[in-house]
Amino acid sequence: MSPADRSEAPIYASLVQEHGDVLAEVRRVAEQALRDAERAIDFSDLRAPAAFR
């Protein structure tokens with residue numbers, strides 16, 4: 001939700017004040033998990049042994 005939307009949603013704004021911006025935190029954690037997964041399955045540094053080339 002954008003800052004403009006928050007000003008039009010006072011209930012959301014009060015929940016964010018009380019509990020923090022849970023949606024933003026979930027988004028941040030999901031993006032970090034995607035970066036970690038991409039690094040974990042990155043096989044670009046592996047090369048076939050010379051016998052298989």
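Which residue's side chain meets that of E25 in a salt bridge? Select E25 and R28 together: their side chains meet in a salt bridge, with 2.7 Å from N to O, where a salt bridge is a side-chain nitrogen of Lys or Arg within 4 Å of a carboxyl oxygen of Asp or Glu.

Before going further, keep in mind that this is a predicted model, in which local features need pLDDT of at least 70 and side-chain atom pairs count only at pLDDT 80 or more, while totals for chains, interfaces and linings use all residues. Residues are numbered from 1 along each chain as its sequence is written, and side-chain values use heavy atoms, with hydrogens and water left out.

**The whole chain**

Colour the model by secondary structure, and the protein shows three helices and zero strands, running α-α-α from the N terminus on; helices (H or I, at least four residues) and strands (E, at least two) are DSSP runs, numbered from the N terminus. Switching to a surface view, the protein exposes about 4,900 Å², of which carbon and sulfur atoms supply 61%, the areas coming from the Shrake-Rupley method with a 1.4 Å probe and, for residues, with only the protein chains shown counting as cover. Of the 53 residues in the protein, 4% are buried, where buried means under 20% relative accessible area, exposed over 50%, and partly exposed in between (1.4 Å probe, protein chains only).

**Along helix α3**

Return to E25 and R28, which are three residues apart in helix α3 and therefore separated by about one helical turn. E25 is partly exposed, at a relative accessible area of 39%, and R28 is also partly exposed, at 46%.

Next, select D36 and R39, which form a salt bridge whose closest N and O atoms are 2.5 Å apart. This pair, too, lies three residues apart in helix α3, so that about one helical turn separates D36 from R39. Here D36 counts as partly exposed at 35% relative accessibility, whereas R39 counts as exposed at 55%. A search of the whole structure finds two salt bridges.

Finally, select I41, F43 and L46, which form a nonpolar patch on the surface, with about 370 Å² of accessible area together. Patches are made of residues with over 30% relative accessible area and no salt bridge, like charges being joined within 9 Å and nonpolar side chains (Val, Leu, Ile, Met, Phe, Trp, Tyr) within 5 Å.
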